[in-house]
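Subject: Structure handover

Hi,

Here is the structure I promised to pass on. Please open it before reading my notes.

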Amino acid sequence: MLQLTDVQQDALIELLNIGFGRAAASLSQLTGHRVLLEVPEVSIHLVSEVAEALERVVRTDVASVHQIFSGPVAGDALLILDYQGASMLKELLTNEPALPLSIDTSAREVITEVGNILLNACLGTFGNLLQVQVSFSVPHLSLESVGAILESLRINRRGLEYALIVHAGFRLREAEVKGYLVIVLSVASLDRLIREVEEWEHRQR
Amino acid sequence: MGAQTAVKTVAGTELDLVTLGATQWINDLSNRGIFTTNTALVICSWNAWLVANTGLAADCAIGRSLFDLFPSIRDRGFDRYYREALGGESRILSESLHKYLIPIAIKGVAGGVEMSQSTRIGPIRSGDAIVGTVTAIDDVTERVVMERELRSRIAALDRARLIAEENSRLKDEFLATLSHEIRTPLNAVLGWTRILRTQQHLKSRDHALDVIERNAASQLRLIEDLLDTARVISGKLRLEVRTVRFEDVVQAAIEVVTPAATAKGIPITTSVDVLPTVQGDADRLQQVVWNLLSNAVKFTARGGHINVSAATAGDSVVLTVRDTGEGIDREFLPYVFDRFRQADASTSRRQGGLGLGLALVRQLVELHGGTVTADSAGIDTGTIFTVRLPAGQSESPPKAPWARDGAVTIRGLSVLVVEDDRDGRAMLVTILKNYGARVRAVASAASALRILAGQRFKPDVLLSDIGLSGTDGLALIEQIRGAASARMRRLPAIAVTAYANPEDRDRALRAGFQAHLPKPIDAQVLIQLIDQLRPRLSAAVKRRRQTARVAT
């Protein structure tokens, strides 16, 4: 695990919270319920350690929303929710009971949209910060284990070495659903991101 | 997605044209709506699916501003997705959260139902620059309908499961209540019996006997309710439908509960009109009224009052039982007629009972083609029960079979009792002797046949149990009816039995008994029944009885 300094950590959380705020506003507007999204924790890991780190917190199969982003900063972004969290989130957002995810296409689609909104908001915030245009692929949802997801990432996209794991808490209608945002980056992209984050933090003072 | 398709440069323009042609071709083949715009959000392409589904020709759509063509996109706030797409973002618009992007009325469905759509909106890039947007729309109407059906089916299954669990819980609770309710009167009976046995000169002997009698009667009531419930559940409850004067039924029920009401200081006021008759089973109807009344007495505190009214309303006879008792919680109101339900199922509850009475009331009323409803404004506001029965023809009903005017006597009659249970036999003998009959009692069919064959005791009436060990009562009566002696063939016979179902009664009557009297026996009824068989008695007996009367 790559250690972030306290300053870097605080700055990253603050930035992500801006992105999450934008996502929460979109979700609130869409659903008519007040949705809060918070980032309590951020950590950086080697891609090879991510599966292990995540499997400590999500033990079941997961629903993951995957988007590839490209541009001067490039990589993969994933929102990972366990099955129960995904179903609950869908129920809370649509006010309609969810069926098992394997047969509930609507639920999968809602989760995909939530991931889409969140990933766009976070990476959009990074893009604004870095003053570069990041562009995104169409979001894709898959239902498999964390290990399988990360394994396919590693095989398909060489050069990605680091991952930012962001703990995300959705709060709505007096319930809370926990999810994880995983942003996988190359060394160069990560370096650039952290440098820009530090400078942004500096400018804020 | 996002795969880097390597295209070798042939010649810029030629490649562009080929790619454009191929894209158009693919778009038109696609089973989804696909359109593109430039950065000013003016429509640049419009595929065959969109033409077919919106009815808008490509020529008419291309060159128009998207929001001018479909103002609802902007009105519903979806324009920002296009701004985001121009900023490089790809968006998915789920059906659950957006319903649709472009309003397309579903063919053949009236009332402006829109096609359910799942939409993707993304940027079109050329090198580093974004040159427009692409939108792909899927028709998911069928999927949405299927999922809705699946969801409602699963919800129905869940509800069924919850109801089953609730029923099983209620049955458990009921069993606990049942054990308690059966034990309570037994405790009183056994307790007082022991006291009577040990204390020879008990001053409160009458009180003890009262308690024993009351508790035995209450347990009998309980067991009858249970049996009735079992019959209703198994569909074996049969009504003996006759023309019934409902006011008589109401009056009889009031007479039964009046002592209990008086003891609690609760006056019962009545207003019973002259009613048309109803078609029904008088006993069962009385059970209905009795249950409602005793319920009212049970839940009304001292100082309260009960009103019973019966009137005609249209084609119905309407009975209303109104009390000033503790009322019913509005939340419990829908369940008052459910089996095993009690508002207070706690072990510390103040009122006894099995929670079967009102369930039986409803079943019995419904068997009569009527309805029963309960209403209460809530706790401590009293309760109103209303029974509606269809009115029958207003012909005058026959009197009850053994309702006779004047005093009843069996003095001087000879009665042969066949009962294998010693206590039961002794009781019958005691009752009959108290009423002045001459009695011979035997324990088996064989002994009875010996006596009948002999000359020493010539019975006027035979009382026989059905469930005798050895030859049973049915076989006995068949033998008697098949006998050579005319006296035996004509001997009036009453079955006295614990087999109390209408089927049992039919079997007994078919076998040759004139009457069927279920146990436990009410002495009055027994004597009336024997008396009712009097017209069939021989002239000799009449003479003998008249002699007996003169003698007294």
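Predicted model: local features only at pLDDT ≥ 70, side-chain atom pairs only at ≥ 80, totals over all residues.

Residues are numbered from 1 along each chain as its sequence is written, chains are lettered from A and ligands numbered from 1 in the order written, and side-chain values use heavy atoms, with hydrogens and water left out.

**Chain B against chain A**

The contact (heavy atoms within 4.5 Å) takes 27 residues from chain B and 31 residues from chain A. Together the chains bury about 2,500 Å², 50% of it on carbon and sulfur atoms. Buried area here is the accessible area (1.4 Å probe) that two parts lose on being put together, summed over both. In chain B, Ile92(B), Leu97(B) and Arg151(B) lose the most area to chain A, together 27% of what that side buries.

Six salt bridges link chain B and chain A. The rule is a Lys or Arg side-chain nitrogen within 4 Å of a carboxyl oxygen of Asp or Glu. One of them pairs Glu109(A) with Arg143(B), with the closest N and O atoms 3.5 Å apart.

Which part of chain B supplies the largest share of the side that touches chain A? That is α8(B), with five residues. Helices here are DSSP runs of H or I, at least four residues, and strands are E runs of at least two, numbered from the N terminus. By residue type, this side of chain B divides into nine nonpolar, seven polar and eleven charged. Ala, Val, Leu, Ile, Met, Phe, Trp, Tyr, Cys and Pro count as nonpolar, Asp, Glu, Lys and Arg as charged, and the others, Gly among them, as polar.

**Helix packing in chain B**

α10 (residues 246–263) of chain B packs on α11(B) at about 35°, with the axes 8 Å apart. Axes are lines fitted to C-alpha atoms over the stretch in contact, and angles run from 0 to 180 degrees between N-to-C directions. The contact of α10(B) with α11(B) has 16 nonpolar residues, two polar and no charged.

α11 (residues 282–299) and α12 (residues 357–367) of chain B cross at roughly 145°, their axes coming within 9 Å. Their contact holds seven nonpolar residues, four polar and one charged.

Best wishes
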